[in-house]
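Hello,

Here is the structure I promised to pass on. Please open it next to this email, and then read on for what turned up.

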Amino acid sequence: MANYYKETPQLAYHLRHPLMKRIVELKERNYEEAKEYDYAPLNFEDAIDSYEAVLNIVGDICGNILAPNAKEADLAGPTLKEGRAYYDPYTAENLDVIRKASLMGIALPRKFGGLNFPITPYIMCADMISQSDAAFENLWGLQSCATILYEYGNDDQRNRFLPRIAQGETMSMDLTEPDAGSDLQAVMLKATFNEKEQAWYLDGVKRFITNGDSQIHLVLARTEDGTKDARGLSMFIFDAKNNPGMSVRRIEHKMGIKGVPTCELVFNHCKAELCGQRRFGLIKYVMALMNDARLGIMSQAVGLSEAAYREAYNYAIERKQFGETIDNFPAVYDMLAIMRAKADATRVHLYETSRYVDVYRALDEVARHRKLTPEERAEQKHFSRLADAFTPIGKGISTEYANQNVYDCVQIHGGSGYMKDYVCERLYRDARITNIYEGTTQLQVVAAIRYVTTGFYFDVVRNYRKEDVKPELNPIKEQLGKLLEQAEAFTLKVVETKNDEYIDFHARRLVEASAHLVFSHLLLNAANEQPELYLKSSKVYLRYATAEMQKIETMINNIGLDEIADYKKVMPVTKSE
């Protein structure tokens, strides 16, 4: 029987990372809950064993249920009937299996029926689920919305909603509208307070809502009359299971991710509950939602990159041309090696990011119960900033690499890859959305560039360089030192112009350069610990990064302030009468 956890040994490596000890220590708070819950861990090793037991269950479900169902779920898709969206039978089966395995609330506290897992093993589940069926990961992964309920809802809301989520009720985050996509400040769905009933009611339309006919919705709505910006928006909980008024007007016909419905929703005087404080909907709660969602999309991209590599490799070692299997052809094994390196690079970065998130979130939770020490506050601030810096380059670059990997996977399959008989055709379609939703790559560049121009990423890399490596890895470390110097030099050249338009023009190139440095050093550190898993990818990625860095420098040297004009309105489209 297939088991995605056992077949992906990189996951076990990341689960045993040294920082996990601190994460578990904070998360379990001296293992106090072992006295109350018989499934709570007694110590660190017991906690890791618990995580591995669940990861094995998820790996088994992915290999033997989700992956075999993925093709039929993609072909069937959801249906719309009388204002309701219904899952196809295969997605419904997947959800039923996940519910019965009690995997819908693994990151929730035990008092609400969850397993109190850190984010890192939760993201590992998302990684495996994405390998098996990226569409289903969208449905399962939306349970992360429960974090907002837990952090910002009141005690009554937590006690009513969180156990339902742990038991398997689905969620959605209803943010975008026909006239408000990336610009969520333009949201106009109206929330009106009924003084007599002391209740809120929602009226308006939401569009492109993943799993839009869920049981529990988080809805961004405008509460302040006369406002048109973020300060007039609040967050609401809409309990669709127990309140009428919402209907699905349409299910979008998408290129990929077909197993989960993407809906246009109509709210017709729907009773809802305010979550947190008024006016904080976008500036605080949606920002927190988006950070969680982006980490989830990073895991989806890594899972798709892994799946693409495996499909390409397995095809290449079987497909014969001119009397030998095509994996022996340089043109093919070159592609395969780079695909493997990109999957490994984004995975080491994904789990570095998830660990950073774990530490500061665990300290947030400790702060609910007692005052943090000055050292803990400093630790919280340090890891929060790292997470904020790592999330945009992870979301931006890992999704671009996922698209590149599925492209190369189809290419290695040749004409067969264009046919629906092969998994890579679905992977190709599923991956395309990853660098668009939850913030396009361009928006991730906007979020990341300040960490480039202030030198933050370079400082992180210099800290990585303080770690000793085995003597045989020193040549890699030395070459990475040269890349660091190169990147700092051309970054300074751009920043010293103090021209915002020029910096914005080269921003993506500068962000990519910083990502190459971070990814390369993380791969080197992983190769130092487990060369059998990471050494080849470390070497291959170094050469890839070196070539890309040279390309970036050449572009910067050849496009100065005066040359930007050549890129504006290159050739307007001529329309006939």
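Start with a charged pair. The side chains of aspartate 292 and arginine 361 form a salt bridge, with an N to O distance of 2.5 Å. Aspartate 292 sits in helix H9 and arginine 361 in helix H10, so the pair ties together parts 69 residues apart in sequence. Both aspartate 292 and arginine 361 are buried. Please keep in mind that this is a predicted model.

Cavities

The whole structure has four cavities of 30 Å³ or more. The largest cavity has a volume of about 90 Å³. Which residues line the largest cavity? They are Asn291, Asp292, Leu295, Val357, Tyr360, Arg361, Ala387, Asp388 and Thr391. Helix H9 (281-316), helix H10 (330-369) and H11 each give at least two residues to this lining.

Second largest pocket

H17 provides the largest share of the lining, nine residues.

Salt bridges

The structure holds 43 salt bridges. One of them joins the side chains of aspartate 127 and arginine 347, at 3.0 Å from N to O. This pair links distant parts of the chain: aspartate 127 is in helix H5, arginine 347 is in helix H10, and 220 residues separate them. Are these two partners buried or exposed? Aspartate 127 is buried, because its relative accessible area is 0%. Arginine 347 is buried too, with a relative accessible area of 0%.

The side chains of arginine 462 and aspartate 459 meet in a salt bridge of 2.8 Å, N to O. Both residues lie in helix H14 (residues 456-465), three residues apart, which is about one turn of the helix. Arginine 462 is partly exposed at 34% relative accessible area. Aspartate 459 counts as partly exposed at 40% relative accessibility. Elsewhere, salt bridges that share partners join Asp127, Glu306, Arg310, Arg340, Asp344 and Arg347 into one network.

Glutamine 131

Glutamine 131 is in helix H5 (residues 119-132). Its relative accessibility is 7%, so glutamine 131 counts as buried.

Helix H6

How many of the eight residues of helix H6 are buried? Eight of the eight are, so H6 (residues 134-141) is largely enclosed by the rest of the structure. The buried residues are Ala134, Ala135, Phe136, Glu137, Asn138, Leu139, Trp140 and Gly141. Their cover includes helix H3 (44-76), helix H4 (89-100), H5, E5, H9 and H12.

Positive phi

Most residues other than glycine have a negative phi. Two places here deserve a look. Asparagine 211 has a positive phi of about 55°, although it is not a glycine. Asparagine 211 is in the loop between strand E5 (199-210) and strand E6 (216-222). With a relative accessible area of 1%, asparagine 211 is buried. Isoleucine 257 also has a positive phi, near 50°. Isoleucine 257 is in the loop between strand E8 (246-251) and strand E9 (262-275). It is buried, with a relative accessible area of 4%.

Valine 494 lies in helix H15 (residues 474-495). Its relative accessibility is 0%, so valine 494 counts as buried. Valine 494 touches Tyr502, Ile503, His506, Leu510 and Ile556, not counting residues up to four places away in sequence. The C-alpha atoms of valine 494 and threonine 453 are 9.1 Å apart, and the two residues are 41 residues apart along the chain.

Finally, the surface. Tyr418, Met419 and Tyr422 make a nonpolar patch of about 360 Å². Tyrosine 422 lies in the loop between helix H11 (374-413) and helix H12 (423-431). Tyrosine 422 counts as partly exposed, because its relative accessibility is 32%.

Best regards

How values were computed: Residues are numbered from 1 along each chain as its sequence is written. This is a predicted model: local features need pLDDT of at least 70, side-chain atom pairs count only at pLDDT 80 or more; totals for chains, interfaces and linings use all residues. Side-chain values use heavy atoms; hydrogens and water are left out. Patches are made of residues with over 30% relative accessible area and no salt bridge: like charges are joined within 9 Å, nonpolar side chains (Val, Leu, Ile, Met, Phe, Trp, Tyr) within 5 Å. Accessible areas come from the Shrake-Rupley method with a 1.4 Å probe; for residues, only the protein chains shown count as cover. A salt bridge is a side-chain nitrogen of Lys or Arg within 4 Å of a carboxyl oxygen of Asp or Glu. Helices (H or I, at least four residues) and strands (E, at least two) are DSSP runs, numbered from the N terminus. Buried means under 20% relative accessible area, exposed over 50%, partly exposed in between (1.4 Å probe, protein chains only). Contact means heavy atoms within 4.5 Å. On a 1 Å grid over the protein atoms alone, a cavity is a set of points where a 1.4 Å probe fits but cannot get out, and a pocket is an open set with protein on both sides within 12 Å along at least five of seven lines; lining residues have an atom within 4 Å of a point. Grid points are joined across faces, edges and corners, and a volume is the space filled by probe spheres set on the points.
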